[in-house]
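Visitor: Please walk me through this structure one feature at a time, with the general idea before each case.

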Amino acid sequence: GLLDGWNARGKTRLNHTLKRLDISGNFLKRGEYIETSTTGQQIFKLSTEAMDSLKTILSRAINLRVLVLRKNQITFKDVGHILDPLSTHRRLHVLDLSSNNFGPNIALPLAHFPRLVSKSLRALCLRGCYIRDLGVKLLCKPVTHGRAMHTLDLASNDITDSGAKLLAEAL
């Protein structure tokens, strides 16, 4: 089955078969209200229960290569909690966080996991995350210094000529 092994201590069941996980558009259980976006959408923090469940899944799926979490109202503050269990495996190749309410600060949690971003990730999809030019500026260092990265999707982020120039200079 999916849960087909135990770790060395025999306490945590590990999953060796799951390679791709897509739980897009599920609006994981909402926690406290954070703010209203510039487009009028209310932004909520993920509930502790939803985050704990997600962290458990990610820490057990030791061969996970593709993680898709589109449209789950994840904020940039939640991303660190999501990347933390993945950073030990260093096998994640595709991370799709498109259509979440990150804003420019998405670069902050990505910068805390340089090993994952620079050595493992091949594709990072942040389509429609309200990143704008400031986000491009903040993303340039952690993302463009990755040796494995070959796809960076920043479509529909209100990036102007200034942001495009920053990205061009970083590449």
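**Reading a predicted fold, feature by feature**

Guide: Let's begin with D22, which is partly exposed at a relative accessible area of 37%. In general, buried means under 20% relative accessible area, exposed means over 50%, and partly exposed lies in between, with a 1.4 Å probe and protein chains only. Before we go on, note that this is a predicted model, in which local features need pLDDT of at least 70 and side-chain atom pairs count only at pLDDT 80 or more, while totals for chains, interfaces and linings use all residues. Residues are numbered from 1 along each chain as its sequence is written, and side-chain values use heavy atoms, with hydrogens and water left out.

Visitor: Which side chain meets that of D22 in a salt bridge?

Guide: A salt bridge is counted when a side-chain nitrogen of Lys or Arg is within 4 Å of a carboxyl oxygen of Asp or Glu. Here the partner of D22 is R20, at 3.7 Å from N to O. The whole structure holds 4 salt bridges.

Visitor: What parts of the chain does the pair of D153 and R127 tie together?

Guide: For this we need the elements: helices (H or I, at least four residues) and strands (E, at least two) are DSSP runs, numbered from the N terminus. D153 and R127 form a salt bridge of 3.0 Å, N to O. D153 belongs to strand β9 (residues 151–153) and R127 to the loop between β8 (123–125) and α5 (132–144), so the pair links parts that are 26 residues apart in sequence. D153 is buried at 16% relative accessible area, whereas R127 is partly exposed at 40%.

Visitor: And where do D158 and R132 lie?

Guide: Their side chains form a salt bridge too, at 3.9 Å from N to O. D158 sits in the loop between β9 and α6 (161–170) and R132 in helix α5, so this pair also joins parts that are 26 residues apart in sequence. D158 is exposed, with a relative accessible area of 54%, and R132 is partly exposed at 29%.

Visitor: What should I look for in the backbone of that loop?

Guide: Most residues other than glycine have a negative phi, and most peptide bonds are trans. D158, although not a glycine, has a positive phi of about 55 degrees. S156 has a positive phi of about 55 degrees as well, and is not a glycine either. S156 is in the loop between β9 and α6, where it counts as exposed at 60% relative accessibility.

Visitor: How many helices and strands does the protein have?

Guide: There are 6 helices and 9 strands. Of the 171 residues, 44% count as buried. As for contacts, the rule is heavy atoms within 4.5 Å. Among contacts between residues at least 6 apart in sequence, 76% join residues at least 24 apart.

Visitor: Which residues have the most contacts inside the largest nonpolar core?

Guide: A nonpolar core is a set of buried Ala, Val, Leu, Ile, Met, Phe, Trp, Tyr and Cys residues joined through side-chain atoms within 4.5 Å. The largest has 36 residues, and L64, L67, L126 and L139 have the most contacts inside it. The elements giving two or more residues to this core are α1 (48–60), α2 (76–87), α3 (107–111), α4 (114–120) and α5.

Visitor: Which residues of α2 are buried?

Guide: They are D78, V79, G80, I82, L83, P85, L86 and S87. For helix length, the expected span is 1.5 Å times one less than the number of residues. With 12 residues, α2 reaches 17 Å from its first C-alpha to its last, close to the 16 Å expected.

Visitor: Is L18 buried or exposed?

Guide: L18 counts as buried, at 19% relative accessibility. It lies in the loop between β2 (13–14) and β3 (20–22). Leaving aside neighbours within four places in sequence, L18 contacts A61, N63 and L64. The C-alpha atoms of L18 and N63 are 6.5 Å apart, although the two residues are 45 apart along the chain.

Visitor: Finally, how many disulfides are there?

Guide: A disulfide is a pair of cysteine sulfur atoms within 2.5 Å. The count by this rule is 0. C129 is in no disulfide, and its nearest cysteine sulfur, that of C125, is 9.6 Å away. C129 is buried at 0% relative accessible area, and C140 is buried at 9%.
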